[in-house]
Amino acid sequence: MVLEATMIVVDNSESSRNGDYVPSRWEAQSDAVNMIFSAKTQANPESSVGLMSMGGKGPEMLVTLTTDFGKVLDGMHRTKIRGSTYLATGIQIAGLALKHRQNKSQKQRIIVFTCSTIHEDEASLVKLAKKMKKNGVSVDFVAFGDLDPDNTRKLEVFSETVNSGDGSHLVIIPPGPSLLSDHLLSSAILGGDGSATRGGEDGVGGTGESGGGFEFGVDPSADPELALALRMSMEEEKARQEKENKAKSEAAKEPGLEGIPEEGGESQPLLDSSAEASGSGNAPATEDKKDKEDDADKMDIA
């Protein structure tokens, strides 16, 4: 499982108000952010996720790198929809946040949601992409909304420049009835590191369909509580079976008592017919009784 520090940059410009995505561009981003956080932290509990916006008067750091889901939810709730986007500035600030991460062993990744017009020119974006690549930062783009050819070309050039070892991805999602998070779940952004799907296992492709690519057939991003309960149940059952097998193996190693004969030959009752204690330990008492009877007979004869 990949240990990562991920900064999510959301597009909170006026363009995010549009309702061409279910339920709206902004709500679709919010749902996708929740899903990405769950996928990253469940893939590795030591991974951290931060959140920032790039719209309004300028980019704003909403949540620094954290493992607290409540902080991310609060950051999305506090974000206001306004203004236009500042893509290049937002990526630069996200890169600085990753540079100052506490755990330096974490890989650096930025996931940018863009649904509005990109105002930066292609040359400045290429320069920024080279800088991110030099610093070892992977940059993923989720392009939706305004998908005009100029925007798409700029993102493609940036992605090709920053890409190092297939570490950065560009996902273009056209409008449709499906949720934005559903498209991401089966995309290379999440499926590429194995945190969302497990393609190729048991003959199931890496699309996340029919639940076949997930452990227990349950998507942990969609229902983490159910997935955790199933995993705990499986571990408890495994522990119980191991305990039973251990007890059986120990019982098989203990020597049996069936072949050992009892003292005194055949088993005897505790009391005989005269209510006297039976067994070999009573032999002296029986002889004393016989001697007394002989003495009494001698006295009668005398």
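Visitor: A cavity here is a set of grid points where a 1.4 Å probe fits but cannot get out. By this rule, how many cavities of 30 Å³ or more are counted?
Guide: This is a predicted model, and the search runs over the protein atoms alone. The largest cavity holds about 50 Å³ of space. With the cut-off set at 30 Å³ or more, the count is one.

Visitor: Which helix gives the most to the lining of the largest cavity?
Guide: The lining includes Thr-114, Cys-115, Ser-116, Phe-144 and Asp-146. Asn-151, Thr-152 and Leu-155 are also among the lining residues. The top contribution is three residues, and they come from residues 149–162, helix 5.

Visitor: How do the residues lining the largest cavity divide into nonpolar, polar and charged?
Guide: Ala-143, Leu-147 and Ile-172 are among those that line the cavity. Asp-146 is there too, and Asp counts as charged. The division is six nonpolar, four polar and one charged.

Visitor: What is the volume of the second largest pocket?
Guide: A pocket, unlike a cavity, is an open set of points. This pocket has 14 lining residues. Nearest its centre lie Ser-48, Leu-65, Thr-66, Arg-101 and Gln-102. The volume is about 240 Å³.

Visitor: How many residues of strand 1 are buried?
Guide: Buried means under 20% relative accessible area. In a regular strand the side chains alternate between the two faces of the sheet. On one side of strand 1, Glu-4, Thr-6, Ile-8 and Val-10 are buried, and on the other so are Ala-5, Met-7 and Val-9. The count for strand 1 is seven of seven.

Visitor: Parallel or antiparallel: how does strand 1 run with strand 4?
Guide: Strand 4 covers residues 107–114. Ile-8 stands opposite Ile-111 in that strand.

Visitor: Which residue in strand 2 is the bridge partner of Ala-5?
Guide: Strand 2 spans residues 48–53. Strand 1 pairs with strand 2 over six bridges, in the parallel sense. The strand 2 partner of Ala-5 is Ser-48.

Visitor: Is the peptide bond from Val-22 to Pro-23 cis or trans?
Guide: Most peptide bonds are trans. Pro-23 sits in the loop between strand 1 and helix 1. Omega for the bond from Val-22 to Pro-23 is near -10 degrees, and the bond is cis.

Visitor: Why does Ser-181 count as buried?
Guide: Ser-181 belongs to helix 6, residues 180–185. Leaving aside neighbours within four places in sequence, Ser-181 contacts Asp-31, Ala-32 and Met-35. The cut-off for buried is under 20%. Ser-181 counts as buried because its relative accessibility is 6%.

Visitor: What percentage of the residues in the chain are buried?
Guide: The chain has nine helices and six strands. Among contacts between residues at least 6 apart in sequence, 71% join residues at least 24 apart. Of the 302 residues, the buried share is 38%.

Visitor: What is the mean pLDDT of the chain?
Guide: In this chain, 71% of residues reach 70 or more, and the mean is 80. Residues 192–213 fall below 50, yet beyond near neighbours in sequence that stretch has 33 contacts in the model. Residues 280–285 are also below 50, with one such contact. For the chain, the mean pLDDT is 80.

Note on methods. Residues numbered from 1 in each chain as written. Heavy atoms only, no water. 1 Å grid on protein atoms, 1.4 Å probe; cavity = no way out; pocket = protein on both sides within 12 Å on 5 of 7 lines; lining within 4 Å. Points joined across faces, edges and corners; volume = space filled by probe spheres on them. Helix = DSSP H or I, 4+ residues; strand = E, 2+ residues; numbered from the N terminus. pLDDT = per-residue confidence, 0-100. Contact = heavy atoms within 4.5 Å. Buried < 20%, exposed > 50% of the residue type's maximum accessible area, 1.4 Å probe, protein only. Pairing = 2+ DSSP bridges.
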